[in-house]
Amino acid sequence: MTTASNTVLAEGFHAPGPESFELPPVFGDVTKPMLLVVLSVIVVFGFFWLASRKAAVVPGRLQFAGEYAYNFSRNSITRDSIGSEHFRKFVPYITALFFFVLVNNLFGMVPLLQFPSFSRASFAYGLAILTWLLYNGAGIAKHGFGGYFKLQTIPGGVKGPILGLIVPLEFFSNILVRPFTLCLRLFANMFAGHLLLALFVLGGEYLIFESGKLVYAPVGVLSLVMALAVSFLELLVMFLQAYVFALLTAMYVGGALADEH
């Protein structure tokens, strides 16, 4: 079964589907999502560079915004999850991660760009693998390979034959599954939200301007109103998904560094 055959047809209306996310290359093999990822790096770096290049005791608006954004990631996400003893070395990665995901998510609402980069699963998997390497590497560096494996698979106070059941479950949960759940949560929310928004907008446009039936016009207007409401909800989801991704990363690092499971 081809992707095209999955497209829902209704009186000439082509509903958006997974194939809507397969964008043609802009040039060569470079696609729009690739360019958006590069643009997001420039945006994040440029914002913090501009905010900090003329740092003053009494901050201006841009410096204040930069400090507030940095402190939110540093204190509310990284320090609170990892602990005050070890958190500093992880602040650069988790801060960059949070704003990188956030900017790429918000691209889905920017006119002309209008595509959340992490609606492509490959990008989300790439970030999840980086996080997996980070927290496992941090845990092994502190506890040693054997100590970290024991910490992640044997809960404190559990002894005896029950370990034969607990150890595989803990290994599966703490070592194997986390990168997949981390990726799928971000990808699925961005994909589903953008698809729903596209459906309301294209459906409303079709009912008002292309169906040729005046009686459908009020439904089309209602569809566009729903698109506006979904847009506000999607903005909240975009922020929450960036926050959750960075928060879980910090929590995984904190768990890997902890002395007890």
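Which backbone nitrogen does the side chain of Gln63 reach? In this predicted model, whose residues are numbered from 1 along each chain as its sequence is written, local features need pLDDT of at least 70 and side-chain atom pairs count only at pLDDT 80 or more, while totals for chains, interfaces and linings use all residues. Side-chain values use heavy atoms, with hydrogens and water left out.

To return to the opening question, the side chain of Gln63 reaches the backbone nitrogen of Ala56, at 2.9 Å. Gln63 belongs to helix H2, residues 61-82 (helices, H or I of at least four residues, and strands, E of at least two, are DSSP runs numbered from the N terminus). Gln63 has 7% relative accessibility and therefore counts as buried (under 20% relative accessible area; exposed is over 50% and partly exposed in between, with a 1.4 Å probe and protein chains only). Beyond its neighbours within four places in sequence, Gln63 is in contact with Ala51, Lys54, Ala55 and Ala56 (heavy atoms within 4.5 Å).

I turn now to the salt bridges. The whole structure holds two (a side-chain nitrogen of Lys or Arg within 4 Å of a carboxyl oxygen of Asp or Glu). Glu22 pairs with Arg120, with 3.8 Å between the closest N and O atoms. Glu22 lies in the loop between strand S2 (13-14) and helix H1 (32-52), and Arg120 in the loop between helix H3 (91-106) and helix H4 (121-143), so this pair ties together parts 98 residues apart in sequence. Glu22 is exposed at 54%, whereas Arg120 is partly exposed at 24%.

In the other salt bridge, Asp80 pairs with Arg79, the closest N and O atoms being 3.9 Å apart. Asp80 is exposed, at 55%, and Arg79 is partly exposed, at 33%.

Conventions
Polar contact = N/O pair within 3.5 Å; in protein donor to acceptor, adjacent residues only side chain to side chain.
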